[in-house]
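Please examine the structure shown below. The questions that follow concern its strand pairings and one of its helices.

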Amino acid sequence: MKAQDLMTRAVVTAQPGTAAKDAARLLVEHGFTTLPVVDGGDRLVGVVAEADLLRNRVLPDPRTFVHGQPPEPLAPASTTVAEVMTTDVVAVDPRMHVAELSKLMLDKHLRTVPVVRDGVLVGVVSRRDLLRMIAREDDVIATDVRRQLAVAAGRIPWRISVTRGVVTLAGEGADDVERHVATVVAGAVAGVVGVEMADHASTA
């Protein structure tokens, strides 16, 4: 499974000239933590996050200065996304395997990753997308595995069971090549966390 199989294609974005207040409103309305920033040709030029938009926008508690010195003036709050966005963006290719994508997001503590093709934003993948994949019901996974094996390895009448995302395959008469193909095919189905043959195990 690849990033393009999980990504959200209808992406909510901002542009560099978008007002910071409007970008904040988009984050609140959609429940996001980060927005991709694109130019007029939908090329990814940055991202803007909650923390970027909060900077210098919350005034100090005035009660703390009633009997003291007036507060130090804050730096002017940003007015546009261009002033606060991050331009050093971690983005991925649509063909990146989900296993690599998951490791990247966990290692770099990323909640959302833009997906780009030739510099153009084509989607985003979030941690929730990954969770949705691994949360699929076992019977749904089994149906998908059965369908894929019927196409790729139809000679063998594979018996399939799935427990907590682990697929167990039994194929009477299957040779080593057929068993390998079946393991690869089953492991590519969304929600599969491991593949075992009835007589020995193989990690997907």
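Q: In this predicted model, which residue of S4 stands opposite Val113?
A: Strand S3 covers residues 112-117 and strand S4 covers residues 120-126, and the two pair in the antiparallel sense over 6 bridges. Within S4, the residue opposite Val113 is Val125.

Q: Which residue in the turn between S3 and S4 has a positive phi?
A: S3 and S4 form a hairpin, with 2 residues between the strands. The turn residue with a positive phi, of about 55°, is Asp118.

Q: Why do the buried residues of helix H2 line one face of the helix?
A: Helix H2 spans residues 20-30, and its buried residues are Ala20, Ala23 and Leu27. An α-helix has 3.6 residues a turn, so residues three or four places apart point the same way. Seen down the axis of H2, the buried residues line one face because they fall within an arc of 60°.

Q: Which helix do the buried residues of H2 pack against?
A: On the other side of H2, Lys21, Val28 and Glu29 are exposed. The buried residues of H2 pack against strand S1 (34-38) and strand S2 (44-49), and also against helix H3 (50-54).

Q: Which residues form the covered face of strand S5?
A: Strand S5 comprises residues 159-163. Its uncovered face holds Arg159, Ser161 and Thr163, whereas its covered face consists of Ile160 and Val162.

Q: Which residue in the hairpin of S5 and S6 takes a positive phi?
A: S5 and S6 (residues 166-170) run antiparallel and are joined by 5 bridges, with Thr163 opposite Val166. The hairpin has 2 residues between the strands, and the residue with a positive phi near 50° is Arg164.

Notes: Residues numbered from 1 in each chain as written. Predicted model: local features only at pLDDT ≥ 70, side-chain atom pairs only at ≥ 80, totals over all residues. Heavy atoms only, no water. Buried < 20%, exposed > 50% of the residue type's maximum accessible area, 1.4 Å probe, protein only. Helix = DSSP H or I, 4+ residues; strand = E, 2+ residues; numbered from the N terminus. Pairing = 2+ DSSP bridges. Arc of directions from axis to C-beta. Contact = heavy atoms within 4.5 Å.
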